[in-house]
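Welcome! Keep the structure open as you read.

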Amino acid sequence: MNSLEHFIQILSGHFDNTQQLEEMKKAGKDDFPFAEHVNTPCNDKILDLPDHFEGVFLVEESYYTTGGKTHASPHLFLFTPKGENIKLTSYELPRGIDKSTFSYDSMTQVRYSDLKASAKFTPAVYTLKDGAWEGGSTSMFTPVLKFTLWERFSPEQLEVSESMEMNGKRTFGYDVPIVYRRK
């Protein structure tokens with residue numbers, strides 16, 4: 001199995017942070033979200049991929065529940081080999097897609113030539129360290145809006161830390177990574 005296959009195998013599936021949430025509640029912390037990730041490779045829905053295409057497109061469906069309300073945050077990512085590492089490039093959702101309902105199941109076929117990499121997101125690079133893939137990036141969405149991503153993926157769990165800062169003040173994110181386990 002090559003590095004990209006190993007990476008995608010770890011990342012694909014349905015995950016949530018139920019165990020972490022229970023531990024935090026026992027510790028008296030009630031301000032943490034219930035979070036789910038559903039990660040599905042989707043090259044089968046992309047028409048006219050170039051011959052010998054080495055990447056894997058993946059739909060990431062993220063759901064965050066706080067205060068009884070669930071917020072969906074879907075993404076389309078491309079993972080490609082970069083030497084021994086893996087590069088994540090974020091893509092804009094295909095034109096005409098409703099972001100509030102986008103999922104692998106709702107995704108219709110789209111032409112590769114119609115897909116556009118996100119101009120705002122700085123690609124993340126992941127390196128294999130002690131059996132887990134670690135990496136991330138920092139993106140400036142605007143001159144005053146900074147997005148920081150750090151992740152660690154192992155066969156046991158996905159650890160995801162995301163934060164947004166406006167003018168240097170955090171507006172989204174948590175002090176600890178969200179820890180997802182396979183369902």
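Is E159 buried or exposed? With a relative accessible area of 15%, E159 counts as buried, because buried means under 20%. Keep in mind that this is a predicted model.

**Salt bridges**

- Side chains of opposite charge can pair when their charged atoms come close.
- The count of salt bridges in this model comes to seven.
- One of them joins the side chains of E159 and R152, at 3.6 Å from N to O.
- Salt bridges with shared partners link K129, E134, R152 and E159 into one network.
- R152 also meets E134 in a salt bridge, with 3.0 Å from N to O.
- R152 sits in strand β10 and E134 in strand β9 (residues 132-142), so this pair ties together parts that are 18 residues apart in sequence.
- R152 counts as partly exposed, at 22% relative accessibility.
- Another salt bridge brings together the side chains of K183 and E36, at 3.9 Å from N to O.
- K183 lies in the segment after β13, while E36 belongs to strand β2 (residues 34-41), so the pair ties together parts that are 147 residues apart in sequence.

**Nonpolar cores**

- In soluble globular proteins, nonpolar side chains tend to be buried together.
- The largest nonpolar core has 30 residues, and those that touch the most other members are F7, F79, Y126, F153 and Y180.
- Helix α1 (residues 3-11) supplies the largest share of this core, with five residues.
- Leaving aside neighbours within four places in sequence, F7 is in contact with F79, I86, Y126, W133 and F153.
- Another core, of 12 residues, lies apart from the largest one, and its members include C42, V59, Y91 and V110.

**Cavities**

- Rolling a probe the size of a water molecule over the atoms shows where empty space is left.
- There are two cavities of 30 Å³ or more.
- The largest cavity holds about 80 Å³ of space, and its lining includes Y64, F172, Y174 and Y180.
- Strand β11 (157-166) and strand β13 (178-182) each give at least two residues to that lining, and β11 gives the most, with three.
- By class, the lining of the largest cavity has eight nonpolar residues, one polar and one charged.
- The second largest cavity holds about 30 Å³, and F79 and F153 are among the residues that line it, along with L11, E60, F77, L88 and E151.
- Its lining divides into five nonpolar residues, no polar ones and two charged.

- The largest pocket has about 790 Å³ of space.
- It is lined by 29 residues, and the closest to its centre are S73, H75, K99, F141 and F147.
- Strand β5 provides the largest share of this lining, with five residues.
- Sorted by class, the lining of the largest pocket has 15 nonpolar, eight polar and six charged residues.
- The second largest pocket has a volume of about 150 Å³, and the residues lining it include E92, R95, V110, D114 and K116.
- Four nonpolar, one polar and four charged residues make up the lining of the second largest pocket.

Notes
Residues are numbered from 1 along each chain as its sequence is written. This is a predicted model: local features need pLDDT of at least 70, side-chain atom pairs count only at pLDDT 80 or more; totals for chains, interfaces and linings use all residues. Side-chain values use heavy atoms; hydrogens and water are left out. On a 1 Å grid over the protein atoms alone, a cavity is a set of points where a 1.4 Å probe fits but cannot get out, and a pocket is an open set with protein on both sides within 12 Å along at least five of seven lines; lining residues have an atom within 4 Å of a point. Grid points are joined across faces, edges and corners, and a volume is the space filled by probe spheres set on the points. Helices (H or I, at least four residues) and strands (E, at least two) are DSSP runs, numbered from the N terminus. Ala, Val, Leu, Ile, Met, Phe, Trp, Tyr, Cys and Pro count as nonpolar, Asp, Glu, Lys and Arg as charged, and the others, Gly among them, as polar. A nonpolar core is a set of buried Ala, Val, Leu, Ile, Met, Phe, Trp, Tyr and Cys residues joined through side-chain atoms within 4.5 Å. Buried means under 20% relative accessible area, exposed over 50%, partly exposed in between (1.4 Å probe, protein chains only). Contact means heavy atoms within 4.5 Å. A salt bridge is a side-chain nitrogen of Lys or Arg within 4 Å of a carboxyl oxygen of Asp or Glu.
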